[in-house]
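Thank you all for coming; I would like to walk slowly through one model this morning. Please look at the sequence and the structure together as they come up.

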Amino acid sequence: MEAVQIPPPRVEQLLDAAVRYAEERHWDVCPGTWLEPADGTERCSCGVSGCEAPGAHPARTDWAGRATGSGAAARRMWSQQPRASILLPTGRGFDAIDVPESAGFLALARMERMSLPLGPVTRTPDRRLQFFVLPGAAAKADGLVRRAGWDAAAIGLRGIGEGHYIAAPPTRVGGAGAVQWVRGPSPANRWLPEVEELISPLAYACGRTAADARGRLS
């Protein structure tokens with residue numbers, strides 16, 4: 001089957017999204033690398049052969065200090081480099097709980113049935129879901145999962161917190177596709193949940209998915 005071609009986001013979409021995240025959600029935003037045409041394909045602006053996240057990682061070592069929550073500053077930054085990816089530093093306005101895509105959708109359906117409070121959720125091109133939760137979650141995630149009877153690393157669950165970042169829609173990661181919203185930012189999810197509210201269904205879904213995968217291999 002022929003691969004689906006995902007068109008690159010228009011530069012206006014990147015600029016508008018970065019400004020919107022800063023102004024409407026008060027999230028810090030930072031411009032990252034971008035994709036450049038090269039020999040009929042695209043490569044990361046960092047110039048590193050075999051870049052692990054082409055077009056979707058910090059362009060400078062001082063990226064955290066450059067991040068801004070000002071819509072005007074964001075507009076200025078993306079006007080200077082319209083193709084730059086949008087990076088959201090974690091540990092400030094939010095942390096993220098990152099899980100395998102299949103487990104994430106399983107947990108999401110369960111949490112919606114339970115009417116649990118949910119924040120925004122992204123889907124990455126490498127088939128991961130990232131659940132936005134209140135800051136501080138990453139430091140607590142492993143312990144909470146362990147108390148629920150699982151090992152976070154073994155079931156593919158990890159917290160992303162202070163000192164790290166996630167790529168935000170509509171950032172495109174190499175030829176793999178774009179980061180997308182599964183649950184986009186809205187007035188209904190302006191207040192983020194505590195990680196304790198979501199960790200049980202997330203850990204259960206990850207554990208079940210990991211067990212199913214092992215069963216298929218045995």
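**A guided walk through the model**

I begin with S115, which counts as exposed because its relative accessible area is 63%, where buried means under 20% relative accessible area, exposed over 50% and partly exposed in between, with a 1.4 Å probe and protein chains only. S115 sits in the loop between α4 (101-113) and β6 (121-124); helices (H or I, at least four residues) and strands (E, at least two) are DSSP runs, numbered from the N terminus.

Before going further, a word on what we are looking at. This is a predicted model, in which local features need pLDDT of at least 70 and side-chain atom pairs count only at pLDDT 80 or more, while totals for chains, interfaces and linings use all residues. Residues are numbered from 1 along each chain as its sequence is written, and side-chain values use heavy atoms, with hydrogens and water left out.

How confident is the predictor, then? The protein chain averages a pLDDT of 93, and 94% of the residues score at least 70, pLDDT being the predictor's confidence in each residue, from 0 to 100. Over residues 1-6, however, the pLDDT is below 50, and this stretch has three contacts in the model beyond near neighbours in sequence, a contact meaning heavy atoms within 4.5 Å. Where pLDDT is low, the predicted coordinates should not be read in detail.

**Backbone angles**

Let me return to S115, whose phi is near 55°, a positive value in a residue other than glycine. Most residues other than glycine have a negative phi, and most peptide bonds are trans. R127, which is not a glycine either, has a positive phi of about 65°; R127 lies in the loop between β6 and β7, and it counts as exposed because its relative accessibility is 54%. Just after α5, G149 also takes a positive phi, of about 100°. As for the peptide bonds, the one from P169 to P170 is cis, with omega near 5°, and P170 belongs to the loop between β9 and β10 (172-173).

**The largest pocket**

Which residues are closest to the centre of the largest pocket? The space in this pocket is about 450 Å³, and of the 18 residues that line it, the closest to its centre are A53, T124, D126, Q130 and R158. On a 1 Å grid over the protein atoms alone, a pocket is an open set of points where a 1.4 Å probe fits, with protein on both sides within 12 Å along at least five of seven lines, and lining residues have an atom within 4 Å of a point. Grid points are joined across faces, edges and corners, and the volume is the space filled by probe spheres set on the points.

Three strands, β7 (128-133), β8 (158-160) and β9 (165-167), each supply at least two residues of this lining, and β9 gives the largest share, with three residues.

Leaving aside neighbours within four places in sequence, Q130 is in contact with several residues, among them A96, I97, T124, I160 and I166.

**Buried or partly exposed?**

S85, in the loop between α3 (71-80) and β4 (86-89), counts as buried because its relative accessibility is 2%. Beyond four places in sequence, the contacts of S85 include C30, G32, T33, H57, W78 and T171.

A59, by contrast, is partly exposed at 46% relative accessibility, and it is found in the loop between β3 (41-44) and α2. With residues up to four places away in sequence not counted, A59 touches G32 and T33.

R66, in helix α2 (residues 63-66), is partly exposed, with a relative accessible area of 25%. Its contacts, again leaving aside neighbours within four places, are V29, P31, R60 and M77.
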